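Open the model in your viewer and keep the selection panel at hand. The stops below go through it one selection at a time.

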Amino acid sequence: MPRIDDTDRQLLMLLQEDDRQPLAVLSEKTGIAVSTINDRIKRLVRSGMISGFHARIAPEALGLNLLAFIMVSWSNPKVEAEFLERAKASADVLECHHITGAWNYLLKVRVGTTRDLERFLTETIKAVDGVERTETLITLSTKKETWKVNPPAGTDLS
């Protein structure tokens with residue numbers, strides 16, 4: 001894994017706060033020349049440290065008011081391929097994690113209503129032949145949700 005120096009770390013933190021900041025503002029905040037900031041961002045993208053630049057949408061503003069976590073289990077390993085195909089194809093699935101313990105996968109799902117959740121469970125998850133059980137947790141409120149990571153300090157990427 002490529003390692004980063006303190007300047008790259010600072011730049012990654014600033015970009016996570018607002019990736020639309022002009023290079024001149026990033027230059028002012030870091031004390032680094034604009035051309036160097038531009039080169040570092042390009043290098044961070046090439047290295048895979050920055051995977052993209054995205055708009056963060058407020059789900060509630062689109063009527064997606066229900067957030068649920070769904071644990072899914074099966075015993076036959078042949079079930080996994082179809083399950084993953086359906087999970088990846090569904091716009092309702094925000095995250096899909098292979099986990100340890102009694103469950104095979106944990107899904108983070110965002111839908112509008114409990115009826116939409118029921119539809120999702122019936123048509124997407126339980127429709128997979130071999131899915132043996134699910135457990136759904138509905139989020140009442142969210143106290144912290146972030147996509148930011150704390151990049152480790154280290155040596156330069158070059």
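Start by selecting Ser141, in the segment after strand 4 (133–138); helices (H or I, at least four residues) and strands (E, at least two) are DSSP runs, numbered from the N terminus. The model is a predicted one: local features need pLDDT of at least 70, side-chain atom pairs count only at pLDDT 80 or more, and totals for chains, interfaces and linings use all residues. Residues are numbered from 1 along each chain as its sequence is written, and side-chain values use heavy atoms, with hydrogens and water left out.

Ser141 has 44% relative accessibility and counts as partly exposed. Here buried means under 20% relative accessible area, exposed over 50%, and partly exposed in between (1.4 Å probe, protein chains only).

Next, select helix 1, residues 6–17. Which of its residues are buried? They are Thr7, Asp8, Leu11, Leu12, Leu14 and Leu15. These cover an arc of only 165° around the axis, which puts them on the same side of helix 1; the arc is that of the directions from the helix axis to the C-beta atoms. They pack against helix 2 (23–30) and helix 3 (34–46), contact meaning heavy atoms within 4.5 Å. On the other side, Asp6 and Glu17 are exposed. At the N-terminal end, Asp5 caps helix 1, with a side-chain oxygen 3.2 Å from the backbone nitrogen of Thr7.

Now pick Asp8, buried at a relative accessible area of 0%. Asp8 forms a salt bridge with Arg40, the closest N and O atoms being 2.7 Å apart. Asp8 is in helix 1 and Arg40 in helix 3, so this pair ties together parts 32 residues apart in sequence. A salt bridge is a side-chain nitrogen of Lys or Arg within 4 Å of a carboxyl oxygen of Asp or Glu. Arg43 also meets Asp8 in a salt bridge, at 3.4 Å, N to O. Show Asp5, Asp8, Arg40 and Arg43 together: they are linked in a network of salt bridges.

Finish at Lys148, whose salt bridge with Glu17 has its closest N and O atoms 2.5 Å apart.

Conventions. Expected span 1.5 Å × (residues − 1). Polar contact = N/O pair within 3.5 Å; in protein donor to acceptor, adjacent residues only side chain to side chain.
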